[in-house]
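Thank you all for coming; please have the sequence and the model open while I talk.

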Amino acid sequence: MTSLTKSLITASIVTACVGTSAQAEQLTFAHGANPGNPRYEAAEVFAAIVPSCAPDTNVKVAPSATMGDDAEMLTSATAGIIQMTANSQGTLAQIVPEVGMLGLPFLFDNEMEVWEVLDGPIGDKLDKLAQESGLKIVTFWDNGFRHVTHVNKFVTTPADLQGMQIRTPPDQVAIDIFKALGSNPAPLGWSELPTALQSGTFDGQENPLTNIYSANLHEITPFISQTGHQYQSTPVVAGLGWWNSLPEERQACITEAAEHAGWYQRGRNYILNENLKATIKNEGGKFAEVDHAAFVDAVAPVYEKYEEKFGSFIADLRKATDQ
């Protein structure tokens with residue numbers, strides 16, 4: 001083999017490698033969940049599905065808030081630093097306020113009702129609103145129905161919440177719910193919550209059972225009152241600039257992968273919430289039912305506040321839940 005031939009072969013290999021690298025689409029999918037959380041598992045499912053319809057797409061999952069908190073991840077998606085994030089309802093509501101209306105107290109009866117609403121015209125409407133702010137809602141995963149936990153007592157009536165220092169996510173609807181219940185709510189990032197509870201900054205917090213268990217919050221706040229006061233979704237969001245740069249077939253592939261992973265996540269979340277009660281009890285957690293009617297009556301002012309601003313959307317939302 002002559003030196004010229006060797007040079008040509010080497011050049012061909014280098015060119016091929018460079019061409020392959022240039023064609024590869026980098027997709028960073030960031031989220032804040034830890035191992036054991038259905039959101040963490042679903043992100044891995046998403047990463048495994050995408051290459052089946054987009055083999056030249058390299059999906060990198062960035063879990064456990066390694067790319068910042070939810071607000072920072074949305075900012076990064078808008079700026080194109082990351083491409084997608086499984087985010088939080090409350091944080092997205094700071095950009096698209098109507099998203100926060102999904103968390104109106106006692107709006108939904110069960111998960112199946114939620115899924116039907118979010119996979120229909122309401123979900124499409126929220127996506128259109130998000131696009132006006134530079135974000136694309138690809139689909140909605142679950143977070144679940146939220147319950148109150150306390151360091152040393154049950155919260156079975158609104159009176160038990162009087163003066164309680166309670167952590168909420170950065171979600172104005174959640175804050176308003178607990179103000180209406182007479183407590184002192186304050187938002188705090190998810191990753192900071194265990195330390196804040198251990199230090200006594202808060203008397204309690206509220207989350208779905210899957211989040212409570214995966215973060216070991218039942219060890220810090222073992223008194224779990226099954227309020228089910230609010231549902232929260234996990235919107236899967238992409239930066240609109242990146243999204244619009246993709247061909248339609250790539251968008252369809254990523255949407256399908258996110259939806260398939262979402263059905264895994266929804267089912268996993270539902271089953272875990274059904275089964276975790278026994279697991280948490282075995283690990284020292286305690287459960288109590290609550291006076292549901294008293295809670296519903298106490299949070300009526302929350303609806304009055306938001307109907308003044310989002311009346312037509314709330315009417316559509318309520319109509320969708322009725323159907």
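Let me begin with Ala215, which is found in the loop between α9 and α10 (217-220); helices here are DSSP runs of H or I with at least four residues, strands are runs of E with at least two, and both are numbered from the N terminus. Before I go further, please keep in mind that this is a predicted model, in which local features need pLDDT of at least 70 and side-chain atom pairs count only at pLDDT 80 or more, while totals for chains, interfaces and linings use all residues. Residues are numbered from 1 along each chain as its sequence is written, and side-chain values use heavy atoms, with hydrogens and water left out.

Is Ala215 buried or exposed? Ala215 has a relative accessible area of 16%, so it is buried, given that buried means under 20% relative accessible area, exposed over 50%, and partly exposed in between, with a 1.4 Å probe and protein chains only. The C-alpha atom of Ala215 is separated by 9.0 Å from that of Gly36, although these two residues are 179 residues apart along the chain.

Now to the charged pairs. Side chains of opposite charge can pair when their charged atoms come close. The structure holds seven salt bridges, where a salt bridge is a side-chain nitrogen of Lys or Arg within 4 Å of a carboxyl oxygen of Asp or Glu. One of them joins the side chains of Lys136 and Asp127, at 2.8 Å from N to O, and both of these residues are buried. Another joins the side chains of Arg146 and Glu206, again with 2.8 Å from N to O. Why does this pair tie together parts that are 60 residues apart in sequence? Arg146 lies in the loop between β4 (135-145) and β5 (147-150), whereas Glu206 lies in strand β8 (residues 204-207), so the pair reaches across that separation. Arg146 and Glu206 are both buried as well.

A further salt bridge is formed by Lys305 with Asp176, whose closest N and O atoms are 2.7 Å apart. This pair links distant parts of the chain, since Lys305 sits in helix α14 (residues 300-322) and Asp176 in helix α7 (residues 172-180), 129 residues apart. Lys305 is partly exposed, with a relative accessible area of 41%, while Asp176, at 11% relative accessibility, counts as buried.

Let us turn to the rings. The structure holds eight aromatic pairs; rings of Phe, Tyr and Trp (its six-membered ring) pair if their centres lie within 6.5 Å, and planes under 30 degrees apart count as stacked, over 60 as edge-to-face and the rest as tilted. In one of these pairs, the rings of Phe29 and Phe46 have centres 4.8 Å apart and planes at 35 degrees, so the pair is tilted. Phe29 belongs to strand β1 (residues 25-31) and Phe46 to helix α2 (residues 38-53), and the pair links these distant parts of the chain, 17 residues apart. Phe29 counts as buried at 0% relative accessibility, and Phe46 counts as buried at 0% too. Ring pairs also link Phe29, Phe46 and Trp141 into a cluster.

There are also charges placed over rings, which requires NZ of Lys or CZ of Arg within 6 Å of the ring centre and within 35 degrees of the ring normal. The charged end of Arg266 sits over the ring of Trp263, 4.6 Å from its centre, and that of Lys286 sits over the ring of Phe223, 5.2 Å from its centre.

Finally, how much space lies in the largest pocket? The answer is about 530 Å³. On a 1 Å grid over the protein atoms alone, a pocket is an open set of points where a 1.4 Å probe fits, with protein on both sides within 12 Å along at least five of seven lines, and lining residues have an atom within 4 Å of a point; the volume is the space filled by probe spheres set on the points, which are joined across faces, edges and corners. Of the 34 residues that line the largest pocket, the closest to its centre are Asp70, Arg167, Gly189, Trp190 and Ser191. α3 (70-79), α9 (209-214) and β10 each supply at least two residues of this lining.
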